[in-house]
Amino acid sequence: MRSIWNGAISFGLVSIPIKLVNATENHSISFRQIHSEDGGRIRYRKFCELEDREVTQGEIGKGYEDADGTIIPITDEDLSSLPLPTAKTIEIVAFVPADRIDPLQMDAAYYLQAGGAPAAKPYTLLREALKRSNRVAIAKYALRGRERLGMLRVVGDAIAMHGLLWPDEVRAPEGVAPDTDVTVRDQELDLADALMDTLGEVDLEDLHDEYREAVEEVIAAKVAGEAPPQAPEPAAGGKVLDLMAALENSVRAARESRGEEAGDHAEVKSLPPRKTSRAAPKQTGGKKSTSTAKKTAAKKTTASSSKKSTAKSTQGTKKTAAKSTAKKTPAKKSTPRKRSA
């Protein structure tokens with residue numbers, strides 16, 4: 001790999017010659033600007049506004065524009081002789097736990113390559129010290145015209161450096177979060193946990209850029225003189241009115257996509273509406289007390305009618321016995337009617 005910067009790591013009084021190489025590469029498909037009518041290339045040419053002529057790259061330098069519009073030339077020699085210790089040195093200033101670094105500060109990534117055989121021993125020493133301490137090194141370095149902040153960590157057998165943004169370059173998330181009060185129920189969190197568990201983990205090596213592949217298919221079709229592939233119809237979607245139902249459907253769909261049956265896992269059910277869940281005990285208690293009172297009243301009515309019929313039957317009057325029988329009959333009929341109520 002080609003180095004983009006040569007210097008040294010300053011580790012106390014230890015100096016480690018290193019080369020800085022890019023740890024990442026861009027696989028994006030590049031496009032050219034063209035004239036839509038005839039396909040001609042659109043090019044940008046650099047003109048000197050004083051001489052009104054096109055200049056080459058070798059004739060172009062740097063300049064700083066002052067407040068009054070005056071241009072002050074700045075040469076590469078001026079920048080290389082800056083009174084800055086980090087101009088050619090990655091100066092380690094501290095060692096901290098890795099979780100102290102906010103991922104929002106992460107920028108470009110580089111590998112630090114040992115600069116020759118003399119650097120092998122101190123390079124290995126720093127690498128093993130970082131491993132054993134479970135910490136990362138915070139360093140300052142200068143690259144591309146500015147001083148930067150970096151984080152050194154171990155990747156395999158190499159030392160990698162992540163460029164970090166300065167803390168004042170990270171914007172506060174003001175006005176981003178919802179400004180309304182939202183209550184999340186435990187049942188909704190349970191379903192969200194179930195969905196995360198169902199989706200499970202993924203091997204990052206299995207992920208790839210599907211957008212780039214689709215663009216390549218379009219280009220290949222154009223080259224072959226064929227019609228480019230059409231995008232599939234988007235799934236019909238609507239507003240999510242019931243979050244619990246949406247979560248349950250998501251869990252079910254995730255399990256089906258993994259080849260799991262619905263009965264493989266216990267299903268998390270949502271709570272009934274608040275009115276039903278809170279009023280049910282009171283209504284149940286009220287019904288029980290009402291039915292009990294009705295049953296008691298029915299028993300008293302039956303017992304009372306029974307006593308009257310017995311008293312009248314002792315008189316030996318057949319008509320009275322017939323009347324008591326008639327009175328018992330409605331009592332028996334009234335009892336089931338009251339129970340059914």
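## Salt bridges and a positive patch in a predicted model

Of the contacts (heavy atoms within 4.5 Å) in the protein with a separation of 6 or more, 59% are between residues 24 or more positions apart. The model is predicted, so local features need pLDDT of at least 70 and side-chain atom pairs count only at pLDDT 80 or more, while totals for chains, interfaces and linings use all residues. Numbering starts from 1 along each chain as its sequence is written, and side-chain values use heavy atoms, with hydrogens and water left out.

The secondary structure comprises 7 helices and 11 strands; these are DSSP runs numbered from the N terminus, helices being H or I with at least four residues and strands E with at least two. Of the 341 residues in the protein, 18% are buried. Buried denotes under 20% relative accessible area, exposed over 50%, and partly exposed the range in between (1.4 Å probe, protein chains only). The accessible surface is about 26500 Å², and carbon and sulfur atoms account for 53% of this area. Accessible areas come from the Shrake-Rupley method with a 1.4 Å probe; for residues, only the protein chains shown count as cover.

Side chains of opposite charge can pair when their charged atoms come close. The structure holds 9 salt bridges, each defined as a side-chain nitrogen of Lys or Arg within 4 Å of a carboxyl oxygen of Asp or Glu. The table includes three of them.

| Salt bridge | N to O distance |
|---|---|
| Glu-51 and Arg-53 | 2.4 Å |
| Asp-76 and Lys-62 | 2.9 Å |
| Lys-140 and Glu-147 | 3.9 Å |

Asp-76 and Lys-62 form a salt bridge. This pair links distant parts of the chain, 14 residues apart: Asp-76 belongs to helix 1 (residues 76–80) and Lys-62 to strand 5 (residues 62–65). Asp-76 is partly exposed, because its relative accessible area is 49%.

Lys-140 and Glu-147 are also joined by a salt bridge. Lys-140 is partly exposed at 27% relative accessibility, and Glu-147 is partly exposed at 23%. Elsewhere, salt bridges that share partners join Glu-51, Arg-53 and Glu-59 into one network. Within this group, Arg-53 is partly exposed, with 34% relative accessibility.

Arg-32, Arg-41, Arg-43 and Arg-45 form a positive surface patch. Patch residues have over 30% relative accessible area and no salt bridge; like charges are joined within 9 Å, and nonpolar side chains (Val, Leu, Ile, Met, Phe, Trp, Tyr) within 5 Å. Lys and Arg count as positive and Asp and Glu as negative, whereas His and the chain ends are not counted. The place of a charge is taken as NZ of Lys, CZ of Arg, CG of Asp or CD of Glu. Arg-32 lies in the loop between strand 2 (14–22) and strand 3 (47–48). Arg-32 is exposed, because its relative accessible area is 64%.
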